[in-house]
Amino acid sequence: MKLLRRPTRRDLASVRLQHRAIRQAASLLLAYPDERTTSRLVTVDALLEHVTGPEREALERTASYLRATEPLVAAREYVETFDMRRRSTMYLTYWTGGDTRNRGTEIHAFARAYRDAGVEPPAGEAPDHLPVVLEFAATVDAEVGEQLLAAHRAPLDVLQTALVECGSPYADPVTAVCATLPPVTDQEVQRARHLAEAGPPAEAIGLQPFALTVPPRRDGSSVREGGRPA
């Protein structure tokens, strides 16, 4: 009978390094395709040297898609995926706070976590935007970042399911990120299913000062929830 072996510090350090590399690579792959995409993909390649298994294969598939797709086509598909489909928004508090005062509080909690770790929330993007959270977890505070991601596992599962169902190449980075988190519980599965079926809560007040449309138009015009022009 082979006895179970307790993980060594080296084993744990290797796992943590892989998780951080996965989260950083996913953050870069989930960014809006623009003139910096090529340089981001170079960084992704370097990060994947620290990743093994199905997570590496998943991230490589998205990187290959971005390399093979014309920039304008990639940008259009990105907008159609994340800006025009409510279920595939990457704003994590949208599903837990919706158009309510609670969402403003939840967004502030992300910003406060960043400041407590010694960094300012990024200008021009909401602190609960998934690529922002992933970069924080990868490069600033892995423990707090993982706590933020794990606390919003249900929205992540809604997003991942929506991307898989529409055949999006962006499903793979989200799937890889989910693999870095603790296993889901039955309660979390039920919560994600409920969120997907019932939609976010609504109250339509109290979102200042972090009042951001979900998803926002990139031309600066206002968009209501679900991508409907205001």
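Biologist: Why is the pairing of Arg 23 and Glu 146 called a salt bridge?

Modeller: The rule asks for a side-chain nitrogen of Lys or Arg within 4 Å of a carboxyl oxygen of Asp or Glu. For Arg 23 and Glu 146 the closest N and O atoms are 2.9 Å apart, so the pair meets the rule. The two sit in distant parts of the chain, 123 residues apart, with Arg 23 in helix α1 (residues 9-29) and Glu 146 in helix α8 (residues 142-151). Helices here are DSSP runs of H or I, at least four residues, and strands are runs of E, at least two, all numbered from the N terminus.

One caution: this is a predicted model, where local features need pLDDT of at least 70 and side-chain atom pairs count only at pLDDT 80 or more, while totals for chains, interfaces and linings use all residues. Residues are numbered from 1 along each chain as its sequence is written, and side-chain values use heavy atoms, with hydrogens and water left out.

Biologist: What makes Arg 23 buried or exposed?

Modeller: Buried means under 20% relative accessible area, exposed means over 50%, and partly exposed is in between, with a 1.4 Å probe and protein chains only. Arg 23 has 1%, so it is buried.

Biologist: How many salt bridges does the rule give?

Modeller: The count is 10. Asp 34, Arg 36 and Arg 40 are linked in a network of salt bridges.

Biologist: Why is helix α10 described as largely enclosed?

Modeller: Because 7 of the 9 residues of helix α10 (residues 171-179) are buried. Those are Ala 171, Asp 172, Pro 173, Val 174, Ala 176, Val 177 and Cys 178.

Biologist: What makes something a cavity?

Modeller: On a 1 Å grid over the protein atoms alone, it's a set of points where a 1.4 Å probe fits but cannot get out; lining residues have an atom within 4 Å of a point. Points are joined across faces, edges and corners, and the volume is the space filled by probe spheres set on them. There are 2 cavities of 30 Å³ or more.

Biologist: What lines the largest cavity?

Modeller: Its volume is about 60 Å³, and the lining includes Leu 28, Tyr 32, Thr 37, Arg 40 and Leu 66. Helices α1 and α2 are the elements that give two or more residues to that lining, and α2 has the largest share, 4 residues. The lining divides into 8 nonpolar, 1 polar and 1 charged. Nonpolar covers Ala, Val, Leu, Ile, Met, Phe, Trp, Tyr, Cys and Pro; charged covers Asp, Glu, Lys and Arg; the others, Gly among them, are polar.

Biologist: What about the second largest cavity?

Modeller: That one is about 30 Å³. Among the lining residues are Arg 87, Thr 89, Trp 95 and Leu 159, and α9 gives the largest share, 3 residues.

Biologist: What makes a set of residues a nonpolar core?

Modeller: They must be buried Ala, Val, Leu, Ile, Met, Phe, Trp, Tyr or Cys joined through side-chain atoms within 4.5 Å. The largest such core has 42 residues, and Leu 59 is one of those with the most contacts inside it. Beyond four places in sequence, Leu 59 is in contact (heavy atoms within 4.5 Å) with residues including Ile 22, Leu 48 and Pro 173.

Notes
1 Å grid on protein atoms, 1.4 Å probe; cavity = no way out; pocket = protein on both sides within 12 Å on 5 of 7 lines; lining within 4 Å.
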